[in-house]
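Open the model in a viewer and keep the selection panel at hand. The stops below give a selection and then say what is there.

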Amino acid sequence: DTFTAEDLEITRTSAIKSRARQYETLGKKISLLENISTLNLPMDYIQREIDATIQLTLESAKSLIRQHINPGQMIYVVAGDAKTQYPRLRDLGFSTVVLMDREGNILE
């Protein structure tokens, strides 16, 4: 419910730009053509995906978020300075916050 129009625009712009960068190399372009052939996709399927992203409304995005994202069932991984980040994460109220060292050993 806190997802805003600004959030949607940031997400939309990021998704479109990253999609364009996916096919910059010759190998990636060949892979794209293989996918089209193997999966019997229309030649313009990428443009169709971009168009759908552009046309996504805020209400539709919120509906998709409610349908597919359950924050209570997600696992978040945060890498950073434990001195400044750990207390803040612990205070967010998640059921479990695990502090680990660089080698993956549980510290608390």
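Select Arg19: at 16% relative accessibility, Arg19 counts as buried, where buried means under 20% relative accessible area, exposed over 50%, and partly exposed in between (1.4 Å probe, protein chains only). The model is a predicted one, in which local features need pLDDT of at least 70, side-chain atom pairs count only at pLDDT 80 or more, and totals for chains, interfaces and linings use all residues. Residues are numbered from 1 along each chain as its sequence is written, and side-chain values use heavy atoms, with hydrogens and water left out.

Glu49 forms a salt bridge with Arg19, and the closest N and O atoms are 2.1 Å apart. A salt bridge here is a side-chain nitrogen of Lys or Arg within 4 Å of a carboxyl oxygen of Asp or Glu. Glu49 lies in helix H3 and Arg19 in helix H1, so the pair ties together parts that are 30 residues apart in sequence. Helices (H or I, at least four residues) and strands (E, at least two) are DSSP runs, numbered from the N terminus.

How many salt bridges does a search of the whole structure find? The search finds four. For another of them, select Arg66 and Asp1, whose closest N and O atoms are 3.3 Å apart. Arg66 lies in helix H4 and Asp1 in the segment before helix H1 (5-21), so this pair ties together parts that are 65 residues apart in sequence. Both Arg66 and Asp1 are exposed.

Next, select Glu9 and Arg12. They too form a salt bridge, with 2.8 Å between the closest N and O atoms. The two residues are three apart in helix H1, so about one helical turn separates them. Glu9 is partly exposed at 39% relative accessible area, while Arg12 is buried at 13%.

Now turn to the core. Which residues make up the largest nonpolar core? Select Tyr23, Leu32, Ile36, Tyr45, Ile46 and Ile50, six residues in all. A nonpolar core is a set of buried Ala, Val, Leu, Ile, Met, Phe, Trp, Tyr and Cys residues joined through side-chain atoms within 4.5 Å. Helix H2 (26-39) and helix H3 (45-55) are the elements that give two or more residues to this core. H3 gives the most, with three residues.

Keep Ile36 selected and show its surroundings. Not counting residues up to four places away in sequence, Ile36 touches Leu41, Pro42, Met43 and Tyr45, a contact being heavy atoms within 4.5 Å.

Move on to Met43, which is found in the loop between H2 and H3. At 65% relative accessibility, Met43 counts as exposed. Its contacts, leaving aside neighbours within four places in sequence, are with Leu33 and Ile36.

Asn40 lies in the loop between H2 and H3. Check its backbone: Asn40 has a positive phi of about 55 degrees although it is not a glycine. Asn40 is exposed, with a relative accessible area of 69%.

Select Asn35 in helix H2, which is partly exposed at 33% relative accessible area. Asn35 is in contact with Asn40 and Leu41, leaving aside its neighbours within four places in sequence. Between the C-alpha atoms of Asn35 and Thr2, 33 residues apart along the chain, the separation is 36 Å.

Go to Gly72, in the loop between H4 and H5. Gly72 counts as exposed, at 72% relative accessibility. Its C-alpha atom is separated by 39 Å from that of Leu33, 39 residues apart along the chain.

Finally, colour by pLDDT, the predictor's confidence in each residue, from 0 to 100. The protein averages 89, and 99% of the residues score at least 70. Among its elements, helix H4 (residues 58-68) has the highest mean pLDDT (95) and helix H5 (residues 82-90) the lowest (82).
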